[in-house]
Amino acid sequence: MNQHVELQAGAGPEVLSITGGEAIARMFLAFGGGVVFGMGGFQLLPFYDAARRLGLRHFLVNDERAGIFAADAYAKVSGRVGLADATLGPGATNLVTGLMEALNAGTPMVILAGDTHRAHSWKNMTQECRQVDLLRPVCKELLRVEMVNRIPELVKRAFTVATSGRPGPVVIDVPEDISHAVYPFPASEFEVDPIFQCVPALRTRPDGASIARAADLIAGAKSPIILAGGGVHISGAADTLTAFARGLNIPVAHTLSGKGAIPCADPLNAGLFGRYDRIANPLIEGSDLLVVVGCKLGEIATKRYTIPSPGKTLIHLDCVAEEFDRTVPAAVKLWGDARLGIEDLQAALHTRQAELSARWAGRPADISARMAAWREKVGERLNSNETPIDIARLLTEINATLPQNGYLIADGGFAAHWGGLLFNSPRAGRSFVPDRGSASIGYGLPGAMGAALAAPDAPVFALTGDGGFNMMLGELETARRLKLDFTVIVINNAASGYVKALQHLMYGQGAYQSSDLSEIDYAAVANAMGCRGIRVERPQDIAAALRTSMERCGGPTVLDVVVTRDPARMLPGVDSRTVQIKPGDRIA
């Protein structure tokens, strides 16, 4: 049965008599919806039919987890709202991990979940569960549609909430009868405010008095340092922050999500701080003022709440007031948008900029010298010729190969840790895309799909472990079907490497439990699935394989890199065998 009814024109305003599902599709298009990832079911068939007829780009995935991860990466790379859908019950519950990632990472997403027909709810309908109760804690807001005529209003609210303040995912729960019902919608209801298509939709400035106090603290400091988090990228503040730091000669350290807040090659870039630092932690301890921008100062960034040491003076700039004083008390709290806050600090310090820049003129050279000394210290691993391949050598080759406009997507676990430590973001902005909201495994392959759709002309590498790749192997079919060109680099160590390395550190050689995987030739698997597979077993072959993988072939390339099987050399570090573990420690 065709439930679609064309535009009705009469004496009064134009009316669209359409299904609720079509109304949702039209609202997605009104907001400039880029792509939608999902797996359908009867509840959302009217939405799917409208997507077909109206030209909404909807892509079938093989697992709802992959769909929401792809939507997350699409949003992070494009700045637009990520879109995904799922049917009721198991489809909806498969969204939970991706929603948690997006909520914690501040990713703008609108997610559509089908639900049971209200006339038959709680009568053991197929796949029925209390999905509203399950999804509500892992999204910014959950909107259940109880009246079909409210669909335009509630979809507008979903985009408004998803893109305002700290962005996040909004779930629209749509009962079957609402999706299939036909209603005469006034055409004017499908007009939207375009500012809610991207983030940040709305910006607020910190109050002037707080800016003045913060500027005075900076001007009076002997050795300030900026700590940048992922909020810099959400705000689009990387260029502004880079100019601010360069103008005053203030070093910038960053979190995993904040990588690219300043180009990694910049003399003022102090690299990661916290659990995986190079030179930043000692700089923080030697500083008398910390300027924290768009950073929640969570466990990894603070090395389990031991950095900074107590008593440090801190200025905290964030758009979410609830983050202030959560882990480290701030002397000045700047509540507002990161980019506008930095601009205001820059303006407040304008008359003193020359004096301050001269006072701290030696700091770029100091940071560069420290970083060069660190590279020399770990140079043996960065340039290692050992086989199986050292992961540090793999990152060295990625840095040498990936062009300036490229993206590195990093899966959870040590794929993100190695990438965060060693990948050199060549430009100010988000070129390193890890899933640090929840650090879940399995993000790499679907994340590359989302990034490739968001930036179709840019090279995309995804770094994933064999465990994470195993979780999402079926999405190679999706990527092949969509003809997406990107490279998945599988760190093949035949283990759940992060867990095995921790077991080695805590319990000693040979004390491994449930952390080994089968030896698999993932290049052969990729070739069997109609994709391009390249297996790399020697370090001298990495560069050529990476270059080949960037030659477009109308589908994904899997680079199966056989890396060290030694659990003592799996985690980032000069030599993790020297680490001393004390009760209660977590070093990775």
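Residues are numbered from 1 along each chain as its sequence is written, and side-chain values use heavy atoms, with hydrogens and water left out. As the model is predicted, local features need pLDDT of at least 70 and side-chain atom pairs count only at pLDDT 80 or more, while totals for chains, interfaces and linings use all residues.

Helices (H or I, at least four residues) and strands (E, at least two) are DSSP runs, numbered from the N terminus. Helix 7 comprises the 13 residues 151-163. The expected span of a helix is 1.5 Å times one less than its number of residues; for helix 7 this gives 18 Å, which agrees with the 18 Å between its end C-alpha atoms. Buried denotes under 20% relative accessible area, exposed over 50%, and partly exposed the range in between (1.4 Å probe, protein chains only). In helix 7, the buried residues are Ile-151, Pro-152, Leu-154, Val-155, Ala-158, Phe-159, Val-161, Ala-162 and Thr-163. Just after helix 7, Gly-165 adopts a positive phi of about 60 degrees.

The structure holds 39 salt bridges, each defined as a side-chain nitrogen of Lys or Arg within 4 Å of a carboxyl oxygen of Asp or Glu. One of them joins the side chains of Arg-150 and Glu-153 at 2.7 Å, N to O. Arg-150 is partly exposed, with a relative accessible area of 34%, and Glu-153 is partly exposed at 41%. A further salt bridge links Glu-343 to Arg-205, with 3.5 Å between the closest N and O atoms. Glu-343 lies in helix 13 (residues 338-348) and Arg-205 in the loop between strand 9 (182-186) and helix 9 (208-220), so the pair ties together parts that are 138 residues apart in sequence. Glu-343 is partly exposed at 29% relative accessibility, as is Arg-205 at 47%.

Arg-246 forms a salt bridge with Asp-266, the closest N and O atoms being 2.6 Å apart. Since Arg-246 belongs to helix 11 (residues 238-248) and Asp-266 to the loop between strand 11 (252-254) and strand 12 (269-272), the pair connects parts that are 20 residues apart in sequence. Arg-246 is partly exposed, at 46%, whereas Asp-266 is buried, at 8%. Salt bridges that share partners also join Asp-115, Arg-118, Arg-144, Glu-146, Asp-173 and Asp-177 into one network.

The loop between strand 9 and helix 9 also contains Gln-197, which is partly exposed at 23% relative accessibility. Contact means heavy atoms within 4.5 Å; not counting residues up to four places away in sequence, Gln-197 touches Ala-30, Phe-31, Gly-32, Gly-79, Arg-80 and Val-81. Gln-197 and Gly-82, 115 residues apart in sequence, lie 9.9 Å apart in space, C-alpha to C-alpha.

Two strands are taken to pair if DSSP finds at least two bridges between them. An open sheet of six strands has the order 17-16-18-19-21-20, with parallel pairing. Its edge strands, each pairing on one side only, are strand 17 (432-434) and strand 20 (532-536). The twist averages 20 degrees from one strand to the next. Within the sheet, strand 18 (residues 460-465) and strand 19 (residues 487-492) run parallel and are joined by five bridges, and Thr-464 stands opposite Val-490 in strand 19. Helix 19 (residues 444-454) lies across strand 16 (407-410), strand 18 and strand 19, running at about 170 degrees to strand 18. Axes are lines fitted to C-alpha atoms, for helices over the stretch in contact, and angles run from 0 to 180 degrees between N-to-C directions.
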